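Colleague: Thanks for sitting down with me. Could we go through the labels one by one and see where each comes from?

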Amino acid sequence: MPLRNSSSVTEFILVGLSEQSELRLPLFLLFSGIYVFTVVGNLGLITLIRLNSSLHTPMYFFLFNLSFIDLCYSCVFTPKMLNGFVSENIISYVGCMAQLFFFCFFVNSECYVLVSMAYDRYVAICNPLLYTVTMSPRVCSLLTFGSYVVGFAGAMAHAGSMLRLTFCDSNIIDHYLCEVLPLLQLSCTSTHVNKLVFSAVVGAVITISSIGILISYALILSNILHIPSAHGRSKAFSTCGSHIVAVALFFGSGAFTYLTTSFPGAKDQGKFASVFYTNVVPMLNPLIYSLRNKDVKLALGKTLNRVLF
């Protein structure tokens, strides 16, 4: 059955961040800058890792995929978001469902890639002698492939349950992207199944990711505390500092967004809070993993020397 026949609504209007006309130009300039920085930063990190053999290690393999995911899911909605600041932001029904699917796919995949990175740090610190064997190219590929497969399954569950709904009255989405919860508010049929699917998928992602990361870092902390020298403890902490910051920003901002939207009258606060994990975190990740990383700085210097001289 064609998608259009499943709904009397053939297009949606995205309200965006603000309906105040005087704020549209400043917001357009702000988010254009964030988007350019996100694309350049993540694409630059991907290229750097790809071109430098010194960065062909498990840690940078996962970082390569993290940057790829950040780049992709920023491109899923940001161009449409920017368009909304300069004109009426209309998206077709099919386009909205596609945006919902790819956004859920990349966000879910990022959660599991972050878990894989935590496991990589655990092996590197707690079992350094077996690191190359435990984190072999095959294992790294399987962990990454599994992250994408589970992310795909979650996105299919969200999109599949959304396709069963009928939208027959309002077509105005009070958001800047086609998110699950704002869309459910527009349906004129029962959303009970959708809410169950949403709770199950999001709950599974958060539970599995949180448990995996917490266990990894509990074992890392236990191992570090047994290191006799302060220098050794500091060096061990520094190898996972960037990942801890990235995890805290991503999961912290995401949790705050959905907790905020659960309170009555807090819709606008949730919408603005979601900007942080959808726009700001993908921009910050390349900085987090490069500013304090000697390997990346050294690889960048070598690459620039080859290109310029």
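This is a predicted model: local features need pLDDT of at least 70, side-chain atom pairs count only at pLDDT 80 or more; totals for chains, interfaces and linings use all residues.

Colleague: Why is the pair of Phe-77 and Tyr-176 called tilted?

Modeller: Rings of Phe, Tyr and Trp (its six-membered ring) pair if their centres lie within 6.5 Å; planes under 30 degrees apart count as stacked, over 60 as edge-to-face and the rest as tilted. Here the centres are 6.2 Å apart and the planes at 45°, so the pair is tilted. Phe-77 sits in helix α2 (residues 58-86), and Tyr-176 in the loop between β3 (172-173) and α6 (180-184), 99 residues apart. Helices (H or I, at least four residues) and strands (E, at least two) are DSSP runs, numbered from the N terminus.

Colleague: And what makes Phe-250 and Phe-251 edge-to-face?

Modeller: The planes of Phe-250 and Phe-251 stand at 90°, with centres 5.5 Å apart, so this pair is edge-to-face. Phe-250 is buried, with a relative accessible area of 4%.

Colleague: How do you know that Leu-219 is partly exposed?

Modeller: Leu-219 has a relative accessible area of 40%, so it is partly exposed. Leu-219 belongs to helix α7 (residues 192-225).

Colleague: Which side chains meet in a salt bridge?

Modeller: Those of Asp-120 and Arg-121, at 2.9 Å, N to O. The rule asks for a side-chain nitrogen of Lys or Arg within 4 Å of a carboxyl oxygen of Asp or Glu, and the count comes to one salt bridge. Asp-120 and Arg-121 are both buried.

Colleague: Last one: which residues touch the most other members of the largest nonpolar core?

Modeller: Phe-12, Phe-31, Met-162, Phe-167 and Leu-183, out of 82 residues. Such a core is a set of buried Ala, Val, Leu, Ile, Met, Phe, Trp, Tyr and Cys residues joined through side-chain atoms within 4.5 Å. Helix α3 (residues 93-126) gives the largest share, 20 residues.

Definitions and conventions
Residues are numbered from 1 along each chain as its sequence is written. Side-chain values use heavy atoms; hydrogens and water are left out. Buried means under 20% relative accessible area, exposed over 50%, partly exposed in between (1.4 Å probe, protein chains only).
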